Amino acid sequence: MFHRIRRRAKGPSEVRKRLAELHAQMQDQVPPGFAVPEPEPGAAAVVDDFLPPELRGPSHDQVEGEMMPWKQPLVLDGEIAVCAVCGAYRDWLILSTRGQIWLRCRAGHQQQETRIDTAWYNRHSGPADATHATFEDCLRHLGH
């Protein structure tokens, strides 16, 4: 500890002098790209899209709805959801379309479910594994 105090009392070392000289030389230099003006807000830069067109999925405004299978009983607010026509309580297809949620049983009966919202659907659905042109194609894909 005392050695450091004595060294500092003697004055700056050779290394500190060189460092001070370099600092003085670089004082007026500007880093590259520092003073480059930003592009105008109206001018958009053209960049390549991340994925090629054949690998892109449709956007939300191009899709009429989404559906997912739900094999186990669906419990909502402490009650099991039951088909109003046939009484089925498992093996549902849950459809999300235009902000509404619909349940479809294996027999093909559909009923609107107001206890489920789009946020619930988004939390419980996984990534889409396929897109289909018609509703019937999607039903066939999911085995209904």
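Mentor: Let's start with a list: His60, Val63, Glu64, Gly65, Glu66, Ser96, Thr97, Arg98, Gly99, Thr118, Tyr121 and Asn122 line the second largest pocket. A pocket is an open set of points on a 1 Å grid over the protein atoms alone, where a 1.4 Å probe fits, with protein on both sides within 12 Å along at least five of seven lines; lining residues have an atom within 4 Å of a point. The model is predicted, with linings using all residues, and numbering runs from 1 along each chain. Side-chain values use heavy atoms, without hydrogens or water.

Trainee: Which element gives the largest share of the lining of the second largest pocket?

Mentor: Strand 4 and helix 3 (118-124) each give two or more residues to this lining (DSSP runs: helices H or I, at least four residues; strands E, at least two; numbered from the N terminus). The largest share, 3 residues, comes from helix 3.

Trainee: And which element supplies the largest share of the lining of the largest pocket?

Mentor: Strand 1 (66-70), strand 4 (92-97) and helix 4 (135-141) each supply at least two residues there. With 4 residues, the largest share belongs to strand 1.

Trainee: Which residues lie nearest the centre of the largest pocket?

Mentor: Nice one to look up in the structure! The lining of the largest pocket has 30 residues. Those nearest the centre are Val63, Gly65, Glu66, Met67 and Ala130.

Trainee: How much space lies in the largest pocket?

Mentor: Volume here is the space filled by probe spheres set on the points, joined across faces, edges and corners. The second largest pocket has about 180 Å³. For the largest pocket, the value is about 810 Å³.

Key
Predicted model: local features only at pLDDT ≥ 70, side-chain atom pairs only at ≥ 80, totals over all residues.
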